[in-house]
Amino acid sequence: MPYTQCLEREVEADCKNEFCFRPFTLETKELIESYTKPWQMDCSDLSFANLFIWGTEGKMEFAEKNNVLYVKLDFEGVPVYFWAPIPKKGADVDYRKAIMDAADYMKQAGVEPTFRSVWTPFRDMMLKACPEMFAMPTDIAWDYVYERESLATLKGKKLHGKRNHINKFLANHPDYEYRKLDATLIDDCMALYDKWISEREETKELEDERKSVSLALHNMERLGLTGGSIFVDGKMGAFTVGERLRDDVQLVHIEKADTDIDGLYPMINQQYVLHECQDVTYVNREEDMGHAGMRKAKRSYNPAYMVEKYLLSFRDLSEEKGLWGAESEDAE
């Protein structure tokens with residue numbers, strides 16, 4: 001047997017007993033979705049595109065072990081943590097062992113074991129397998145989910161302000177144009193993003209976000225993404241990128257607009273829903289990450305429900321501060 005085949009078999013055998021973490025690449029999409037898709041979740045975290053575009057440079061990696069998918073996260077300012085172990089649907093899995101194996105890995109890495117952004121069904125599974133664990137809601141990670149019809153029509157008193165902004169935009173820019181995103185518009189999107197970022201204080205977070213936006217735009221077809229844009233006077237003023245998360249749920253990943261043009265944000269929000277979300281019931285617009293401005297904006301659209309997520313640990317961390325870094329403190 002050739003040496004390379006022997007080595008591959010040795011690695012495969014080791015990964016059945018140890019964690020062999022790998023980056024999310026386009027070639028791993030089918031494997032990852034064989035674990036995530038059957039659960040039919042409405043949670044943004046389970047989108048492969050999310051894992052691929054935001055998990056670069058080692059921030060997110062995965063391991064497969066005994067029919068369980070493990071996702072490890074290593075973001076600056078936050079100790080290494082895991083998401084809930086994701087068993088292959090229908091497989092015979094010792095879920096308690098899966099949890100304990102992940103906890104042991106974190107202990108060996110010198111960090112307190114925590115499982116974060118744990119979706120409600122997995123919270124229940126984890127507590128059933130390990131009743132000694134503590135579960136704490138972490139609302140900075142909760143997804144905002146809206147009725148598609150509400151975002152499309154903006155009917156009702158609560159959305160009166162959104163309608164006013166759109167009417168003002170239409171009055172000032174009656175000749176605007178909606179265009180579906182394709183590869184020919186990538187440069188326009190990045191130019192708009194660079195304008196948006198130039199108006200803010202330069203940070204590592206925004207630098208990383210730019211890379212993720214570019215990665216999404218350059219791989220839209222392979223990631224199954226759709227996008228829309230608004231042009232004003234021949235120049236792109238806003239764009240949105242999203243995907244079909246579940247048959248009845250559209251997920252919005254990225255949305256940027258020129259803040260110098262009044263009403264563009266509510267306009268691209270509505271137009272993307274009208275053009276790219278015709279046959280869904282709900283639109284998931286992801287979490288607010290603890291940013292006060294983003295939280296206010298997302299709440300103003302009157303969400304139908306929130307996708308709740310939890311932090312699970314082996315001791316009560318409810319009084320601990322800064323569990324999610326600076327954002328969590330800002331949100332309190």
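Analyst: For charges, Lys and Arg count as positive and Asp and Glu as negative, while His and the chain ends are not counted, and the place of a charge is taken as NZ of Lys, CZ of Arg, CG of Asp or CD of Glu. In this chain there are 43 positive and 61 negative side chains, and the centres of the two sets lie 4 Å apart. The model is predicted, so local features need pLDDT of at least 70 and side-chain atom pairs count only at pLDDT 80 or more, whereas totals for chains, interfaces and linings use all residues. Residues are numbered from 1 along each chain as its sequence is written, and side-chain values use heavy atoms, with hydrogens and water left out.

User: How many helices and strands does the chain have?

Analyst: Helices (H or I, at least four residues) and strands (E, at least two) are DSSP runs, numbered from the N terminus. By that reading, the chain has 13 helices and 15 strands.

User: What share of the residues counts as buried?

Analyst: Buried means under 20% relative accessible area, exposed means over 50%, and partly exposed lies in between, with a 1.4 Å probe and protein chains only. Of the 332 residues of the chain, 51% are buried.

User: Why is helix 11 described as largely enclosed?

Analyst: Ten of its 13 residues are buried, so helix 11 is largely enclosed by the rest of the structure; among the buried ones are Leu264, Met267, Tyr272 and Glu276. The expected span of a helix is 1.5 Å times one less than its number of residues, and helix 11 (residues 264–276) reaches 17 Å from its first C-alpha to its last, close to the 18 Å expected.

User: Which residues does Glu33 touch beyond its neighbours within four places in sequence?

Analyst: Contact means heavy atoms within 4.5 Å, and by that rule Glu33 is in contact with Pro38 and Phe48. Glu33 lies in helix 2 (residues 29–36) and counts as buried, at 18% relative accessibility.

User: Which value of phi does Gln40 have, and where does Gln40 lie?

Analyst: Most residues other than glycine have a negative phi. Phi of Gln40, however, is positive, near 50 degrees, and Gln40 lies in the loop between helix 2 and helix 3 (48–54), where it is partly exposed with a relative accessible area of 47%. Ser117 also has a positive phi near 50 degrees, but Ser117 lies in strand 6 (residues 114–119) and is buried, at 6% relative accessibility.
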